[in-house]
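Please look over the model shown below before reading on. The briefing then takes up its architecture, topic by topic.

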Amino acid sequence: MQTITVEQTARVLNKFNISFTDGAVRALVQRGLLRTVPRLTSHIIRNSKYNYAIEIKSLVAYLRNKGISDSDIKDALDM
C-alpha cells in the first residue's frame, strides 16, 4: 500500500486549487473522502508532524471524482 504525507497531500490538492492547507486535508479525512493508514517508520513519513499517512489510492479516487484526468494526477504525484 502506497502512502503520502498529509503535507504532500496538501501540496497535490493545492496544485488543483481544491484545498491549500493541512487542516483542509484533515477535514477531508474526517468527512471520509480520504483514507488514512497508520504512520510507518519510513523516510517518506518520518518528516510529517501527523501520526498517520494518506492512502494514495483514496487520493487518486477523490481527484478522479473531481474530474481531474489521470495524466494530471500522475504529474502532480510525481512532483
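What follows describes the sheet, the helices and a few individual residues of this structure.

The structure is a predicted model, and its protein chain has four helices and three strands. Read from the N terminus, the order of the elements is β-α-α-β-β-α-α. Of the 79 residues in the protein chain, 42% are buried. Among the contacts between residues at least 6 apart in sequence, 58% join residues that are at least 24 apart.

- The three strands form an open sheet in the order 1-3-2, and the pairing is antiparallel.
- Strand 1 (3–4) and strand 2 (36–38) stand at the edges with a single partner strand each, so one side of each has no neighbour in the sheet.
- Strand 1 and strand 3 run antiparallel and are joined by two bridges, and within this part of the sheet T3 stands opposite E55 of strand 3.
- Strand 2 pairs with strand 3 (residues 52–55) in the antiparallel sense, over three bridges.
- Helix 3 (residues 56–65) lies across strand 1 and strand 3, and runs at about 50° to strand 3.

- The C-alpha atoms of A53 and R39 are 5.6 Å apart in space, although the two residues are separated by 14 residues in sequence.
- E55 also has its place in strand 3, and because its relative accessibility is 10%, E55 counts as buried.
- If neighbours within four places in sequence are left aside, E55 is in contact with M1, Q2, R35 and V37.

**Helix 1 against helix 2**

- The axes of helix 1 (residues 6–15) and helix 2 (residues 22–30) come within 8 Å and cross at roughly 100°, which means that helix 1 is roughly perpendicular to helix 2.
- On the side of helix 1 the contact is made by V6, E7, T9, A10 and L13, and on the side of helix 2 by D22, V25 and L28.
- Sorted by class, the contact of helix 1 with helix 2 comprises five nonpolar residues, one polar residue and two charged residues.

**Buried residues of the two helices**

- In helix 1, the buried residues are V6, E7, T9, A10, V12 and L13.
- The elements that cover the buried residues of helix 1 include strand 1, helix 2, strand 3, helix 3 and helix 4 (70–77).
- In helix 2, the buried residues are D22, V25, L28 and V29, and because these residues cover an arc of only 115° around the axis, they lie on the same side of helix 2.
- The buried residues of helix 2 pack against helix 1, strand 2, strand 3 and helix 3.

**Positive phi after the helices**

- Which residue follows helix 1 with a positive phi? That residue is N17, whose phi is near 55°, and N17 belongs to the loop between helix 1 and helix 2.
- Most residues other than glycine have a negative phi. N17 has its positive phi of about 55° although it is not a glycine.
- Is N17 buried or exposed? With a relative accessibility of 59%, N17 counts as exposed, because the cut-off for that class is over 50%.
- Just after helix 2, G32 takes a positive phi of about 85°.

Conventions:
Residues are numbered from 1 along each chain as its sequence is written. This is a predicted model: local features need pLDDT of at least 70, side-chain atom pairs count only at pLDDT 80 or more; totals for chains, interfaces and linings use all residues. Side-chain values use heavy atoms; hydrogens and water are left out. Axes are lines fitted to C-alpha atoms, for helices over the stretch in contact, and angles run from 0 to 180 degrees between N-to-C directions. Angles under 35 degrees count as roughly parallel, over 145 as roughly antiparallel, 65 to 115 as roughly perpendicular and the rest as oblique. Contact means heavy atoms within 4.5 Å. Ala, Val, Leu, Ile, Met, Phe, Trp, Tyr, Cys and Pro count as nonpolar, Asp, Glu, Lys and Arg as charged, and the others, Gly among them, as polar. Two strands pair if DSSP finds at least two bridges between them. Buried means under 20% relative accessible area, exposed over 50%, partly exposed in between (1.4 Å probe, protein chains only). The arc is that of the directions from the helix axis to the C-beta atoms.
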